[in-house]
Amino acid sequence: MEADAAKMIGAGIAMIGAMGAGLGVGLAAYGGVQGIARNPDAAGTIQTSMILGIVFTEAIAIYCLVVAMLVLFV
Amino acid sequence: MAKEEAPRKWKYGVKRWIALAIIALNVYLVGKIPPLRPYIQLPAEPITGTLFTFPFTGEPFYLTNTMLAVIIADILLLGVAFFVIRPALKSGKQVFTGIVGVIEALLEGIYNLTEGTAGKWAKTIFPIFATITLLVLTVNWMELIPGVDSIGVINEATYEHAHHVDHDLDIANDCTQDELFRIGSLPVVAVNGVTSCGAIMAPFVRAAATDLNFTVGLAIVSFMAIQVIGVRSLGLGYFEKFINIRALGKPGMGKIDFIVGIFEIVSEFSKIISFSFRLFGNIFAGMILLLVIGTLVPVAAQTGVLLLEFGVGLIQAVVFGMLTMIFMAQATHSHHGEEEHH
């Protein structure tokens, strides 16, 4: 039972890293929206690279999730 | 053309009644078979017995459900290529419609992207990019089909499995399982049909990217492709990026360049890890999300998550292929040539 509790706490702690990814995704969207507002014609190009950047940033949160799930389920 | 002008068989508004009927069926079935907390397992479940043992290590080989998913995806892709795309190309039409048009649009976008990044190597890099993208896309979208991940064979639970689901479980109790039907002697059950008896269900087909073997294998393939195209374009000079002996002779910053080369090796191998875990994490998280949402709110709530997973599957497939393409394009650039531009 105590091991289970420790596992759950560990999974929770592992997910703290998602905070950074959240900040990063927010920054990427901020930059993207500002760029589109200044130059609406370039919306397509900006969106593509913005989504690419968001995906890379999101990968960090996914790593945290993988660690948390490995802690929980393995 | 004749197909479009043919009169519609169904009158307007029939489809919404079908959707309503499916929702009503859903409510009825949930009332009859209440959902159970899913058991989430990382390794893929074997669906056959031992087929053969490996000659030297003696490890047993058996077919797992993720391998079955990859095989189905392969058959699907090859089937579409040979029996849909090839006749369409031979028919000599200029404008394609339907699935051929969709695939043409996707591949054209991929090719333009490759040409913009890789230049003269586009023709070499494009097949790998397209293959990886199409395979991962097919495999990811298979997860969205009802029954994948949720219909399978009941296996006897070990104590650990049962303990994971229910802590107060007495495994010696007789298990009562709601069978859907039998194939031969195999009882086929739905994931929600298992009563709390400590049996676990191994689905027939499980999304392949939820198995680390698939994603690591694919990452190693793309890693090898990056090295091969590097050697093809630059010869043995490609490895100067990693072990920069010439820089050691230079005065001043030369030794730092050598150390940077060592770090390049580390970052090169970390590509395998980041490639594989990005795909694995996204799809595994999606699978768990689908299972958990399906358990918490069994009626219709999964629909939104399915839409999300549709997007995630597409984006991850394109990102996996695109990163391979970008790294391959980088590998064709000479390290020294780059320095001269600055």
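Predicted model: local features only at pLDDT ≥ 70, side-chain atom pairs only at ≥ 80, totals over all residues.
A residue counts as buried if 20 or more other C-beta atoms lie within 10 Å of its own.

As for what chain B is built from, its secondary structure comes to 11 helices and 6 strands. Take the contacts in chain B with a separation of 6 or more: 66% of them join residues 24 or more positions apart.

## Two packed helices in chain B

Two packed helices are described by the angle between their axes and the distance between the axes. Here's a pair to look at: in chain B, helix α7 (residues 212–234) packs on helix α10 (residues 302–331) at an angle of about 25°, and the axes are 8 Å apart. Angles under 35 degrees count as roughly parallel, so α7(B) and α10(B) are roughly parallel to each other. Their crossing is right-handed.

Which residues make the contact? From α7(B) come B:Ser222, B:Ala225, B:Ile226, B:Ile229 and B:Gly230, while α10(B) brings B:Thr324, B:Phe327, B:Met328 and B:Ala331. Sorted by class, the contact of α7(B) with α10(B) has 6 nonpolar residues, 3 polar ones and no charged ones. The spacing of such residues has a simple background: an α-helix has 3.6 residues a turn, so residues three or four places apart point the same way.

## Where the chains meet

Chain A puts 9 residues into its contact with chain B, and chain B puts in 13. On the side of chain A that touches chain B, the tally by class is 9 nonpolar, no polar and no charged residues.

## A:Ile54 and its surroundings

A:Ile54 sits in helix α3 (residues 43–73) of chain A. It has 19 C-beta neighbours inside 10 Å and therefore counts as partly exposed; the cut-off for buried is 20 or more.

What does A:Ile54 touch, leaving aside its neighbours within four places in sequence? Its contacts are A:Val25, A:Ala28 and A:Ala29. There's also A:Ala21, 33 residues away from A:Ile54 in sequence, with the two C-alpha atoms 8.9 Å apart in space.

Notes: Residues numbered from 1 in each chain as written. Chains lettered and ligands numbered in written order. Axes fitted to C-alpha atoms, helices over the stretch in contact; angles between N-to-C directions. Helix = DSSP H or I, 4+ residues; strand = E, 2+ residues; numbered from the N terminus. Parallel < 35°, antiparallel > 145°, perpendicular 65-115°, else oblique. Left-handed = near helix turned anticlockwise from the far one by under 90°. Contact = placed C-beta atoms within 7 Å. Nonpolar A, V, L, I, M, F, W, Y, C, P; charged D, E, K, R; others polar. Buried ≥ 20, exposed ≤ 12 C-beta atoms within 10 Å, placed from the backbone.
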